[in-house]
Amino acid sequence: MFENSQHDLDTLPRAEEVALNDLDRRYRTEVLTQSLIVWGVIMLISAIPVVIVAKPEGLRKVLIFIPAAQALLAVLITWLVVAQARVKKMALREHDIIFRSGLWFRRLVLLPLNRVQHIELSSGPLQRRFDLASLKFYTAGGAAVDLKIDGLSTEHARRLRDHIMERTER
Amino acid sequence: MSPAWRRTSPVAVVFYLARAARFAVTDGIAMFAPAAAWLATASGPKKIWAIGWLVAMAVFGLIWAVLSYLRFRYRVDAKQVLVRRGVLTREQLNIDFDRVQDVSIDQPFYVRPFGLSVLTLDTAGSVKSEVALAGIRNERALELRQDVLRRARPAVEAEDAGPAAVPARQQVLTRDLPDIVRYGLTANGLLWVAVLFGVLGGSFGDEAWSATGRWVIERLQLGNLFDTGTAATKGAIAAGLLLGIPLLLALFSVIGAIWRYANYRLEVDEDTWYRSSGLISRQEQTLKRTKVQAALWRQNAIARLLGRINLQLRLVSAGVEVQASGVPGTVPAFLVPALTPAELFPISARFVPAPDHGAPELSGINRRYHLRRTLMIAMIPITCASIGLSFVLGPWVVLLAAAVLAVLVPLIRLRGKRFGYGVTGTTGVLRSGLIGSLTTVFELRKVQRVDLEQSPGQRRRGLATLSIHLASHSVTVPYIPLHDAQRFADLALWRIESSAEPWF
């Protein structure tokens, strides 16, 4: 299958041997906060019928189960998203970005810097509170974002963007 | 001094009208079909309304076409084509010569007698930035294409390419009518699935079919046509329709292929390729070799039977995920139809470097794929559902499910066996398929992104799913050994990052 490049193969730099770095620690807190807010709102809304319905008593007892079940689900999902945030790792090599994600279904994205067409830096209200930002990388072909990295400190995201743009301009 | 803004020939009105009509037929058929049905069934004053509505649409189309023509201005200067257009919202487009992906010259039959052409410029941007200069003189079109191509070429070559340089085109390939008919038969695989269903369906011909027949007849409001027949004859007619419509579609596919690709000629001048074809409207499509992102060897079941392969050369897709069939509205792929293997490999190798004598040897994927897919897709859901349903509907459901499984399981095996991956020199090759196959051949340095994915099961077995994202489309090969996937990725990255050549 491989013609002539056997030698190259053995000496090539290996992406899997790169030590990947964790994302900013505040990212986990941000994800945790976001999940709690969303589930808090959902539970509040489903608590409304419980408060409104005074009689019959039986129905009220049934209705209380809804927020209770949601609380259970909220704990489970919050734990999951935080765990997912914990396993996200990235590394910047001289020529590419390596990003790993996924708790059970692992995904490793290898993005060569000289194929990056443009980069988008964004930060939502919650992210700004934690001084975090997201970077979106686009390559040619396909309108979809090629790589999105949440959970970088604003400072780090800016530096990363500037560094990559400087490299791609050459 | 900058050149003046020009207008195209008034014949362009016909071009815009034809385009509007085509749009109405291809994209608006769902919109027009109910109206047409209404028109067919309406009577008296209703009919007048319906005809009035159609006339209004036609007048509106005509006004739109005239306005499109009046508002269209273009200007060509040293480095770019500028276009002002738009009926309601006006826009100005600046198309740099070196951003042009593809230049094609069409001569639809209604502009041909006037000695005019339609020149289309495709850029790497969105679909909207495609520009058609409709109704310019033939010589002007050829001249403009020369200009665009020469300036799109690296500056070094421009020196010796003086204005007197006559393009020395070499003919590489021609296709005769039988080849084009073969292409027409193999262009769309789904068509044959429909035919197959028609044939299979025809052989049942019992109660189920008469029910279907009634349904079809009711839907098509054919009741008054077949008033006298029994349910059985109605069923037979419906079966005939079901078989006949796909065959009619196949015929249309062949006619379409002849219309578009008759007298096919492939020529080359250095690294610029020309495809000219067409029965009545001649079309000439131009392609720079360097802009090719991938070569696709497409051989569906019918093509395999005929021993032919269709070669598609893919360019940067215009921001839309291009499906295997090629979604209308995106940059059309450059097609070389109905090649024999002996013809395919040398031609393909001229676009993407690969051995020119035969298909490269590929490694197959892991056998776990069959097991996983069989369990995930077929066995578990179908078995569970059929057992559940058998309590409600009767035990025959289980039998039916067994029959479905008997068909599905070998299909999954076939699909698993078609997957393949390999590297030859600086070129990557990925293959998928079922009965036929779809092989993507691409220069490793043109890859945009590589993904490696692992499910928990794959992690335990040391397997991975490799996705290669090209600027034209993406290809995925599942269940290959992790080690191979990693080496493939590393090799691609090395080629991408060590190559100084531009990728498009």
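Which residue in E18(B) is the bridge partner of Val109(A)? In this predicted model, where local features need pLDDT of at least 70, side-chain atom pairs count only at pLDDT 80 or more and totals for chains, interfaces and linings use all residues, the partner is Asp451(B). Residues are numbered from 1 along each chain as its sequence is written, while chains are lettered from A and ligands numbered from 1 in the order in which they are written.

Strands pair if DSSP finds at least two bridges between them; the elements themselves are DSSP runs numbered from the N terminus, helices (H or I) having at least four residues and strands (E) at least two.

Chain B contains 15 helices and 20 strands. Of its 504 residues, 36% are buried, meaning that 20 or more other C-beta atoms lie within 10 Å of a residue's own, the C-beta atoms being placed from the backbone.

Within chain A, a helix pair comes into view. The axes of helix H2 (residues 26-52) and helix H4 (residues 65-87) of chain A come within 9 Å and cross at roughly 165 degrees, the axes being lines fitted to C-alpha atoms over the stretch in contact and the angles running from 0 to 180 degrees between N-to-C directions. H2(A) is therefore roughly antiparallel to H4(A), a term for angles over 145 degrees. Their contact has 17 nonpolar, 4 polar and 2 charged residues; among them are Trp39(A) of H2(A) and Ile77(A) of H4(A).

Elsewhere in chain A, Leu135(A) is found in strand E6 (residues 132-138). Leu135(A) counts as buried because it has 23 C-beta neighbours inside 10 Å. Leaving aside residues up to four places away in sequence, Leu135(A) touches Ile119(A), Leu121(A), Ile149(A), Leu152(A), Ala157(A), Leu160(A) and Arg161(A). Leu160(A) lies 25 residues from Leu135(A) in sequence and 8.9 Å away in space, C-alpha to C-alpha.

How values were computed. Buried ≥ 20, exposed ≤ 12 C-beta atoms within 10 Å, placed from the backbone. Parallel < 35°, antiparallel > 145°, perpendicular 65-115°, else oblique. Contact = placed C-beta atoms within 7 Å. Nonpolar A, V, L, I, M, F, W, Y, C, P; charged D, E, K, R; others polar.
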